[in-house]
Amino acid sequence: MSPGVTSPVMGNSIEILDSLTPEGFASLLAESTKPVLLPGLVADWPVVRRARESDEALCAYLLRFYADATVNVFCGEPEIEGRFFYNEDMTGFNFSRSRDKLDKVLDRLVCEEHGQRAHSYYVGATTIDNCLPGFSEDNALAFGDIAPLASIWIGNRSRIAAHYDLPDNLACVVAGRRRFTLFPPEQLANLYPGPIDFNPAGQQISLVDFHQPDLERYPLFQEALENAQVVELEPGDALFIPSMWWHHVESLGSLNTLVNYWWRKSPAYMGPPMDVLLHALLTLRDLPPEQKKAWSGIFEHYIFSQDPPLEHIPEGSQGCLGPLDENRARQLRATLLSRLNR
């Protein structure tokens, strides 16, 4: 861990699998619900080999596929030391956003390597097939029946606040080193999450500075650390991060590149659960206590129980309570939109 960070309790080990067949790999992704470290999974990728030669060789390799697309770039002054976060009074952020050509960003990153006080650059979640067509064919993984979205992340030294994602995630380190600090979903309260609808990159983040945790202000963070798993990845290593697991990510090299894959273990017709949370804030949170208790029971009965009892309702009359499919999902959306637009 970095200076100033309280070390997690020893023994929170992460599962390590270092000899998977393509079939076993696909099975792991389909079934696992805990983080898994996959050392050397992509060590033979051409892009990893180029990155081992030099940063210039890596950039040249990426530009072989570059389709002149613009990318989203975060840029911070040297003072932020790579921590992309809010400004001091949380009225904005400590970095600027822009759209730029990837070749120009790569040039700046290589130049910043040799500066005394480097600006922080971060190109996040860029869809590979749009920006680097042909890259995925040259650097492939066998996902079986899974059809993931492949993205690339490029930057210099950075610290990305702990957050969770709805999809499952396979993160493959191409260049530089990355340190992941992982927390199970039940640690949410101990991580002191910030605003849902006002955040640096579209996802709610922990407000705790992992390099200098203020345990007087965030005392429960010590408990979160006791449940953390910390792992450091070298080029060629991969990490499976399950849906809803919190992860704090530190990029430790002067030029870091990561390829990740996102996919959901649910049908495409299902909507994002965040929509439900936002609507619940509007409709449930401020109800009188007894009404909130009643609605909690209703949600437990129909949503969170594994098999809500429906035998007393004829199958043809179960309506939205019946099994969900694409057609019924479409009907539900139409009903919801109609009710919202009243």
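Tutor: We will take the cavity and then the nonpolar cores. This is a predicted model, where local features need pLDDT of at least 70, side-chain atom pairs count only at pLDDT 80 or more, and totals for chains, interfaces and linings use all residues. Residues are numbered from 1 along each chain as its sequence is written, and side-chain values use heavy atoms, leaving out hydrogens and water.

Student: How many cavities of 30 Å³ or more does the count give?
Tutor: Rolling a probe the size of a water molecule over the atoms shows where empty space is left. A cavity is a set of points, on a 1 Å grid over the protein atoms alone, where a 1.4 Å probe fits but cannot get out. The count here is one. The largest cavity has a volume of about 40 Å³, volume being the space filled by probe spheres set on the points, joined across faces, edges and corners.

Student: Which residues line the largest cavity?
Tutor: Lining residues have an atom within 4 Å of a point; among them are R83, F85, D209 and H248. The largest share, three residues, comes from β8, a strand (a DSSP run of E, at least two residues).

Student: Which residues have the most contacts inside the largest nonpolar core?
Tutor: In soluble globular proteins, nonpolar side chains tend to be buried together. A nonpolar core joins buried Ala, Val, Leu, Ile, Met, Phe, Trp, Tyr and Cys residues through side-chain atoms within 4.5 Å, buried meaning under 20% relative accessible area with a 1.4 Å probe, protein chains only. In the largest core, of 45 residues, they are L132 and L170. A second, separate core of 21 residues includes W153 and W245.

Conventions
On a 1 Å grid over the protein atoms alone, a cavity is a set of points where a 1.4 Å probe fits but cannot get out, and a pocket is an open set with protein on both sides within 12 Å along at least five of seven lines; lining residues have an atom within 4 Å of a point. Helices (H or I, at least four residues) and strands (E, at least two) are DSSP runs, numbered from the N terminus. Buried means under 20% relative accessible area, exposed over 50%, partly exposed in between (1.4 Å probe, protein chains only).
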